[in-house]
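Please keep the sequence and the coordinates at hand while reading.

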Amino acid sequence: MKQSFIALLCGTLFGFGLAFSGMIHPENVIAFLDITGQWDPGLALVMAGALVVAIPGFYFIRQRHQPLMASDFCLSAKTNIDAPLVAGAALFGIGWGMSGYCPGPAIAGLGTGNLDAIFVILSIYTGFMSQPLFFKKINSGR
Amino acid sequence: MEIMTTLNTFFGGALIGLSAITLFLFTGRIAGISGIMAGFKQCLLNKTAWRPAFLLGLVAGAFLYTLANPAFIYSQDDNTPLGLLISGGFLVGLGSRLGNGCTSGHGICGIANFSPRSIIATLTFMSCGLLTVFLIKHLFPEL
């Protein structure tokens, strides 16, 4: 219950940040990926802003033995660079470039009245469910 | 890019980073949206509601921003063709499951933890995204 409350607050902060940065709008994502057009460095700045906070944040939090409200930190145990990782990231990148959406802005987009996001979310779930059909089941991670 | 926009963009990113480390500090969870979206089965098995709560927050946070800035309501006039949205969304879903993460999980949390897998994943999806937009713009300039 307490964890859900924290998750709700963190989700709200995340959604607000996506909107504040403008990255919630797919045309800004496409403008970043379109390096031969009028290149917009926006997405790189969003990542830079996030990493400036997250790199020291994760470093200091990981000095702790456990999180405040749970017994363990849930970090992926995988360390090897394998074919599913690279193939998955490649398919993800192609889909991202085609649609201009990744999962965060698709969900958060509902809060800005973006009706396209509904089609994108349904398609993302179809993609999730098709994964075992295309590739043998792989452990779920992040 | 104007200075204000640049600052907003950077600051918005910092809020996203703050969200990710706060979730990690309290719950030990990684703020990877694709994993959170796909994790409904675990929610039912373990009777935990943090995943739907986070997703609800995402919508609420964007809505709060829109309330303060009504000009931000999304206009559908300049939209991507439905076929690209649906096929692209499908590949985003399939790829993020296969590759264990998306822009948030690999691109922010994974890189912030210096995970080699996440660094490779991010470089891969960035380059594939760039190439895809390049091809679409050149093959279908009318889009």
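The lining of the largest cavity consists of 15 nonpolar residues and three polar ones, with no charged residue among them. This cavity belongs to a predicted model, and its volume is about 180 Å³. Of the 18 residues in the lining, those closest to the cavity centre are L18(A), L43(A), C102(A), T103(B) and I108(B). In general terms, rolling a probe the size of a water molecule over the atoms shows where empty space is left.

The two chains that contribute to this lining may now be described in turn. Chain A contains six helices and zero strands, and its elements from the N terminus on run α-α-α-α-α-α. Its C-alpha trace spans about 45 × 40 × 30 Å along the principal axes. Of the 142 residues in chain A, 53% are buried.

Chain B has seven helices and zero strands, so that its elements read α-α-α-α-α-α-α from the N terminus on. A box of roughly 50 × 40 × 30 Å, taken along the principal axes, is filled by the C-alpha atoms of chain B. Buried residues account for 54% of the 143 residues of chain B.

Most residues other than glycine have a negative phi, and most peptide bonds are trans. N100(B), although not a glycine, has a positive phi of about 60 degrees; N100(B) is placed in the loop between α5 (82-98) and α6 of chain B. Just after α6(B), F114(B) takes a positive phi of about 55 degrees, and F114(B) sits in the loop between α6 and α7 of chain B. Are these two residues buried or exposed? N100(B) counts as buried because its relative accessibility is 4%, a value under the 20% limit for burial. F114(B), in turn, is exposed, with a relative accessible area of 56%.

Elsewhere in chain B, A62(B) is found in helix α4 (residues 50-68). A62(B) is buried, its relative accessible area being 0%. Between A62(B) and L94(B) there are 32 residues in sequence and 25 Å in space, C-alpha to C-alpha.

Contacts of charged side chains come next. How many salt bridges are there over all chains? The count comes to two. One of them pairs D34(A) with K137(B), with the closest N and O atoms 3.8 Å apart. D34(A) lies in the loop between α2 (26-33) and α3 of chain A, whereas K137(B) lies in helix α7 of chain B, so this pair joins two chains. D34(A) is buried at a relative accessible area of 11%, while K137(B) is partly exposed at 36%.

D82(A) and R117(B) form a salt bridge as well, in which the closest N and O atoms are 3.3 Å apart. Because D82(A) lies in the loop between α3 and α4 (83-99) of chain A and R117(B) in helix α7 of chain B, this pair too joins two chains. D82(A) counts as partly exposed at 22% relative accessibility, and R117(B) counts as buried at 5%.

A nonpolar surface patch of about 490 Å² is made by L131(B), F134(B), L135(B), L139(B) and F140(B). Among these residues, L139(B) is placed in helix α7 (residues 116-139) of chain B. L139(B) counts as exposed because its relative accessibility is 59%. As a general point, an α-helix has 3.6 residues a turn, so residues three or four places apart point the same way.

Methods: Residues are numbered from 1 along each chain as its sequence is written. Chains are lettered from A and ligands numbered from 1 in the order in which they are written. This is a predicted model: local features need pLDDT of at least 70, side-chain atom pairs count only at pLDDT 80 or more; totals for chains, interfaces and linings use all residues. Side-chain values use heavy atoms; hydrogens and water are left out. Patches are made of residues with over 30% relative accessible area and no salt bridge: like charges are joined within 9 Å, nonpolar side chains (Val, Leu, Ile, Met, Phe, Trp, Tyr) within 5 Å. Accessible areas come from the Shrake-Rupley method with a 1.4 Å probe; for residues, only the protein chains shown count as cover. A salt bridge is a side-chain nitrogen of Lys or Arg within 4 Å of a carboxyl oxygen of Asp or Glu. Helices (H or I, at least four residues) and strands (E, at least two) are DSSP runs, numbered from the N terminus. Buried means under 20% relative accessible area, exposed over 50%, partly exposed in between (1.4 Å probe, protein chains only). On a 1 Å grid over the protein atoms alone, a cavity is a set of points where a 1.4 Å probe fits but cannot get out, and a pocket is an open set with protein on both sides within 12 Å along at least five of seven lines; lining residues have an atom within 4 Å of a point. Grid points are joined across faces, edges and corners, and a volume is the space filled by probe spheres set on the points. Ala, Val, Leu, Ile, Met, Phe, Trp, Tyr, Cys and Pro count as nonpolar, Asp, Glu, Lys and Arg as charged, and the others, Gly among them, as polar.
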